[in-house]
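Please keep the sequence and the model at hand while reading.

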Amino acid sequence: MTAIMLPAPIETIHDLEADAAAASVTTALRASATTMSDVSEQMRADGAPDDWTGDAAEAADHAMTNVGNDTDAASTALTRVATACDTYVDKIVALTATRADLVRRSGVLNTDIDNLTLKIRQSTADDIATLTAQADALQVRADGINDEIVTLWDDVTAAEDALIAAFQAVDSTSEGQDAAERDTTDIASLRKALTRLGGDPEAINEWWKGLSETEREGLKTSDPDLVGNTDGIPTGDRDDANRSSVDRDIDHLTAKQDAGEDLSKAEQKVLDRAKEAQKSLDLPLLANPPDTTTDVNLIVYQPGAFGGDGAVAVSYGDPDTADNTAVIVPGILNDGTSIAGQGADAYTLQQKAMQNGESAATIAWMGYDAPNWNPENALDWAGDGLDMGSVINEGKAKAGGENLANFVDGLRATDQGEKSNLTVIGHSYGSTTASHAAHDFGLNADSLALIGSPGAGGDDVNSVDDLGMAKGKVYVGAADNDFVTWLGRDGDIGMGKDPAQADFGAKVFPVAPGSEFHADEVGKGVDNHTSYFDPKTNPESLSALTKIVQGDEPTLTQGRTQDANDMAFDWAKDEIKYQVKQEFDASVQEAKDAYNGGKDWLGDRVNDVKGWLP
């Protein structure tokens, strides 16, 4: 029989030595460049002390200028290599995807070669022509894959060479100074131009796209706090800037601690919030197995916002490119120190939302001043403890609604390609905030979901139609035993109507009712209120939220027909009965114990008397 030539199986394609985690190097470089830039500005601004004159003053000014020049050179060098690292990481991410595709196709080809080998062994002379044609087709596929593998490693080498060249180009002070002198970027003018745009995200996005890579990188280095928190600047660039700020804060403040210096209260707050932000970024890496593929972005980082409570937003997935995007707004007792917990819910939802094969980005958004609790003044209810005034009214929800609407406008401005399906999910007081964003400021979202809501906000929000969302795109989830959902009411006290009521007109989806609880079981009540994203205790709720984020219709149920406040009153009446019975039972038991104790004592005394008798 004529021999049929088969292609050799594709050999194992080795892993790339670098992956997306190399971005941490870029962050460190950019943070160092920012520090150097700050030092340079300070040196040039300070000069010699005011009371120095003559030669001493000139010498001091000259020294300051020299240091400023040196730090300019270092900052420019670090900025250049940070830009090169960015390019390298982007290339490696793309090449990693290329390698994964080649591994998949190679596996399929090797299986086909094995199968054809078996067919040839079992063939007859009549099969030769057909099998030869199949072998030739396999050879063509093998040649193509081998050529692509060669190209892959050529591209890897080219990316590495470019990165090395960028480092070598500024690896001395003189080269750094030359680069600084050649860099004519007018950062001050760029900063003014950005602030003159007045927060218009569409205009900001167009302006940003018109900058050169050098100008964008220069602004990220000199003004990371501005770039990282400006709506309309692309997510990736905001993430670059904010990660630099986090690194800067952690490095600077931990260095002070390591040097034996005490941090002020304000500094300690910044450090706590920086560490929590970093923790939220690291969440996928703590999964089992570690998730190294989710693109995590820090879109807001303002540790000093809202009197030190802090503002922060972290996205799991890239909202600029995702098919489906969700913004999750938390409620009371949350601030910059709780973003990792909020991030865990967002990450859980993102992983579920991608199971339909579409890309998803979910954002934990702590971008408003939620009513909070100060443990240092825990009993100061009217002052600096739990701000009860802001809990039972809508002041902070209204202000937060404007921030939320602006943030969503920024996401719309940076959206690339086909428009992302965008959902806002408000939990607890965050649902009231989201409702104000919709009613007061025209929330530019496709869907709105309110969970664990104490009220839909405002005396003039009487039905779902008053929220201004697309018809049929307001959803509500309310656990029967979630005490916060019993608070909705009209009038001066409260935060508006209960959106779970059937006559409100929203689409209500089923959630687990939660455990019944008593006044001395506060933990159970809190669990009922915080479990809407929990896959174990509330899979119904998580499934419904996933469907909504995906743009699909969840399973629906009937809205409430009993007034929310009546639910609270019924619980209170039952609780009074329960507590009275508990007290009665305890009193009866105490009496029984006393009676039995008395009998025992009397018996003992009788026995004692008997013992005394002859």
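Phenylalanine 483 has a relative accessibility of 30% and therefore counts as partly exposed; the class lies between buried, under 20% relative accessible area, and exposed, over 50%, with a 1.4 Å probe and protein chains only. This phenylalanine 483 sits in the loop that runs between strand E7 (474–477) and strand E8 (507–508). Helices (H or I, at least four residues) and strands (E, at least two) are DSSP runs numbered from the N terminus. Together, Phe483, Val522 and Val526 make up a nonpolar surface patch with about 230 Å² of accessible area. Patches consist of residues with over 30% relative accessible area and no salt bridge, where like charges are joined within 9 Å and nonpolar side chains (Val, Leu, Ile, Met, Phe, Trp, Tyr) within 5 Å. A salt bridge here is a side-chain nitrogen of Lys or Arg within 4 Å of a carboxyl oxygen of Asp or Glu.

The model is predicted: local features need pLDDT of at least 70, side-chain atom pairs count only at pLDDT 80 or more, and totals for chains, interfaces and linings use all residues. Residues are numbered from 1 along each chain as its sequence is written, and side-chain values use heavy atoms, with hydrogens and water left out.

Now the chain as a whole. The secondary structure consists of 17 helices and 8 strands. Of its 614 residues, 45% count as buried. The accessible surface comes to about 30400 Å², and carbon and sulfur atoms hold 53% of this area; such areas come from the Shrake-Rupley method with a 1.4 Å probe, and for residues only the protein chains shown count as cover. Among contacts in the chain with a separation of 6 or more, 75% are between residues 24 or more positions apart, contact meaning heavy atoms within 4.5 Å.

The strands form an open sheet of 8 strands with mixed pairing, in the order E1-E2-E4-E3-E5-E6-E7-E8. E1 and E8 are the edge strands, each pairing on one side only; two strands pair if DSSP finds at least two bridges between them. E1 and E2 are antiparallel and share 6 bridges, with valine 300 bridged to alanine 313 in E2. On to the next neighbour: E2 is joined to strand E4 (residues 360–366) by 5 bridges, again in the antiparallel sense, and serine 315 has isoleucine 363 in E4 as its bridge partner. Further along the sheet, E5 and strand E6 (residues 447–451) run parallel and are joined by 5 bridges, one of the pairs being valine 424 with leucine 448 in E6.

How many residues of E2 are buried? The count is 6 of the 6, so E2 is largely enclosed by the rest of the structure. Ala311, Ala313 and Ser315 point one way from E2, whereas Val312, Val314 and Tyr316 point the other way. Strand E3 (residues 324–329) holds alanine 326, which is buried because its relative accessible area is 0%. Beyond its neighbours within four places in sequence, alanine 326 is in contact with Ala361, Thr362, Ile363, Thr423, Ile425 and Val549. Alanine 364 is 38 residues from alanine 326 in sequence, and their C-alpha atoms are 8.7 Å apart.

In soluble globular proteins, nonpolar side chains tend to be buried together. The largest nonpolar core of this chain has 80 residues, and Trp365, Leu404, Phe407, Val424, Ile425, Leu443 and Leu448 have the most contacts inside it. Helix H13 (residues 395–414) contributes the most to this core, with 6 residues. A nonpolar core is a set of buried Ala, Val, Leu, Ile, Met, Phe, Trp, Tyr and Cys residues joined through side-chain atoms within 4.5 Å. Neighbours within four places aside, phenylalanine 407 is in contact with Asp231, Arg238, Ile299, Val300, Ala313, Val327, Ile363 and Trp365. Another core, of 24 residues, lies apart from the largest one and includes Ala84, Cys85, Ile120 and Ile145.

Some backbone details remain. Most residues other than glycine have a negative phi, and most peptide bonds are trans. Asparagine 288 and proline 289 are joined by a cis peptide bond, with omega about 0°; proline 289 lies in the loop between helix H10 (265–281) and strand E1 (296–302). Phenylalanine 306, in the loop between E1 and strand E2 (311–316), has a positive phi of about 55°. Serine 428 also has a positive phi, near 60°, and lies in the loop between strand E5 (421–427) and helix H14 (429–441). At 6% relative accessibility, serine 428 counts as buried, whereas phenylalanine 306, at 30%, counts as partly exposed.
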